[in-house]
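Hi,

Here is the structure I promised to pass on. My notes on salt bridges and helices follow below it.

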Amino acid sequence: MDEEHSTKTDRRRRRPALSCVSCRRSKIRCDRNLPCGACVRSKHRTCVYEPQGPLRQSDISSIAVGPLQPADGVSSIDAETTVSPGASGQPQVHRAGIDGSHEDHSTHSLTGSTPVDSTSSQIHGPSFDVRSLLDRIRELERRLEEHTERHPVPRSNPRISNTATEPIVATYPSYLAGDLHTMNKSVMSKTRYLGQSHWMNQIGNFKSVLEVFDRHIRDKKSEPIVVLINKAKALARTIKAQRTPELSPKFGTNLPPREIADKLVDGYLRTLESVIRVLHVPSFRKEYENFWLSPDSADLSFVILLQLVMAIGSAVHDETFSMRNSAIQWVYEAQCWLISPVPKTRLTLSGLQVMILLCLAQQTASVGHDLVWIQVGTLMRTAIFMGLHRDPKKLPKMNRFRVEMRRRLWDTILELALQTSVDSGSPPQISSEDYDTCAPSNYDDEQLTDGDDGPAIFNPPEKFTDMSMALALRSTFSTRLAIVRSLNDLGAQNTYDETIRLHSQLSAAYKSLSKCLQRFGLTDRQPTGFQRRFVDLLVRRYFMALHLPYFGPAMTEPAYAFSRKNVVEMAAKIWSTVFPSAALSPRPRRPPSDGTGPMYSNGDDLARFTLSSGGLFRSILSQASMVVGLELQHQLQEDDSLGPPTPRMDLFNILRDSTSWIFHRILIGETNLKGYMFGAGLLAQAEALVSGLKGAELEEAIVKAGSEAVRECFDILKQRLEPKVDDATTTSDSQFNFDTMMAMDEDWEYDSSMQNVLFDFTSIESVLGVAPDTGGMMAPPDFSRW
């Protein structure tokens, strides 16, 4: 009897507990799933099965174990993970949702085998210990955690591809230019990092011309030219030193007579102010009249603002930019006023207007014009600090005048940030997510009066007002911003398909802009010629900038033929926009230096800006002329006709006109002759190719043209140098005796250290002849490095 009882007891002990822990405690039937139906209905967070120690092979079924407790949250297995034996004795991993919901994992196997039936107990496989399996999993988790700490997984950047490799830096050594480092979508020259929209990214396409001068210098075949260039540099240094103003503690002491001031103010108001809105013209004119009634009692901020307005207007005052020195002094005084103590007093709308006008005046007077992007960054941060990036509706209540002025100034700041980004090849540093300020309303200035809170009189979009041109330009802003970001942003992964897409968007925006301006032509009040052409110039440059990265490769790769055609056509249209007759009748290549011939601008305001100013006025035409020159070069070299090659005459005339344009810039105040030397060499190459010259004859024609350009410009600089009144009593290193300097031929002997004599690739002045910073933000050239 005892034996029978012992046998029954042993059998009872060997029977495994197949129900989950919760069902056993509740004494309810368990369906033995994971999770079981009872746990799902009662919303238990876990459904676990109690381990029974070593299991016999016949007892293996879908048994689950309690939740694992990982070392920390880094583990790849969730805290609610359970393990149950699966087919062939392999463990299965199950996860229960954190929110208490359960997913049915009973039909899946991690090994990819046949789904496991939890009721089946006729599975043959090796036996195992569940607890040892848990220990092993914990050990693996610990190792994974240690490895993750030593080698953290980088977070993916949505703007930078995870598969991006280190950029390949190619260095092009040049005897004249030093090392030019080219990278993906950028160029590094000395201390400047220049993005894809900067003109220097295209300079490598002109190696054939630059290397001609390089070879002649290296072989010491052009020592007289080198000596002449260095003498011209000394002259330019002296001229720039004479232009540097001597600032006095009291601002506003160098104002012109009233009749001249009226013309300068009108020159600004009829040009840039009509497109890039800064001032409320009725308020400005009222304060302007009060200023002349009592100049000594005028507010200093208005004096600085007035001087900047006159500095910009002086660029179109006459053909020769006769007031260049005064414009430079006014820019200097504005810079000093802005950096003077108590900067909080500048945090006003008038202070922002001064900062905007300073950015414009630096370009028109060529004072630090290639560094305006940095100044615009300060301007934008100041505006954000004052809340201009928020729409006035979201700010404390203010009258309509202040609402519209804040919107206008923010709109102008956005435009300046975009234009200077293209010029400098730098990121725009703006995004549509950074501001919510609405576009300005279509009001005339006369409709806005400070303190007027009466009902607003809205003008329909088709009515031309003082804001119409600015609003028309604003309508294309988002597309132009996308283009600049694709060119200059570090993480932009631009493709040719993306370029075509952006081209389509810009084309649609440009057509809409053109239709808008055409509608204005049917009304009584219409846009001026300057307004139409200036807006056209500002928008067309983005077509050229968008396709320029593919312009060089398009010379050998037919897949980019559309970009080549687009760049060339836009360059020709841009030049014809500024100089309508250039394609048919270019100016003489070397007009009389005494000014007796017809002047280049013929009284046109836009042409005068491009002749006397730097910044965007210079860089747009410089890039267009480079495109035309390169296209002509390749057309002539690709011509396989039996007779002499035939160039496109409109492009040939534009190239001739561009050389004359650079020369006229020197006539009215430029001090850098290397741009004219480069342009003359490029034109000589095209003319020599048309004549069928090759080899040594071609190089001789290029060198001869460059040498003649240097001599001619040197004579102009020599005539411009005038001794200062106090030269008899004042002596400085930058203003030494001219005759003594010219006699120092032995000091200008060529040697190998004169590496940057012809082409210094640091700034656009060096190759294309932009006026260097006239003593403003940069020190004069250091002769010690030659």
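Arg541 and Asp423 form a salt bridge, with their closest N and O atoms 2.5 Å apart. Arg541 sits in helix H17 (residues 529–547) and Asp423 in helix H13 (residues 400–424), so the pair ties together parts 118 residues apart in sequence. Arg541 is buried, at 5% relative accessible area. Asp423 is buried too, at 18%, because the cut-off for buried is under 20%. Keep in mind that this is a predicted model.

The count of salt bridges comes to 26. Another one joins the side chains of Arg277 and Glu273, at 2.7 Å from N to O. Arg277 is buried, with 4% relative accessible area. Glu273 is buried as well, at 1%. These two belong to a salt-bridge network that also takes in Arg408 and Asp445.

Asp650 and Arg648 pair at 2.7 Å, N to O. Here Asp650 is partly exposed, at 26%. Arg648 is partly exposed at 27%.

Now the helices. H10 (residues 324–338) packs with H11 (residues 349–364) at about 145°, axes 10 Å apart. Their crossing is left-handed. The contact includes Val331 and Trp337 from H10, and Met355 and Leu358 from H11. Its residues divide into 8 nonpolar, 2 polar and no charged.

Best wishes

Notes:
Residues are numbered from 1 along each chain as its sequence is written. This is a predicted model: local features need pLDDT of at least 70, side-chain atom pairs count only at pLDDT 80 or more; totals for chains, interfaces and linings use all residues. Side-chain values use heavy atoms; hydrogens and water are left out. Axes are lines fitted to C-alpha atoms, for helices over the stretch in contact, and angles run from 0 to 180 degrees between N-to-C directions. Helices (H or I, at least four residues) and strands (E, at least two) are DSSP runs, numbered from the N terminus. A crossing is left-handed if the near helix is turned anticlockwise from the far one by less than a right angle, and right-handed if clockwise. Contact means heavy atoms within 4.5 Å. Ala, Val, Leu, Ile, Met, Phe, Trp, Tyr, Cys and Pro count as nonpolar, Asp, Glu, Lys and Arg as charged, and the others, Gly among them, as polar. A salt bridge is a side-chain nitrogen of Lys or Arg within 4 Å of a carboxyl oxygen of Asp or Glu. Buried means under 20% relative accessible area, exposed over 50%, partly exposed in between (1.4 Å probe, protein chains only).
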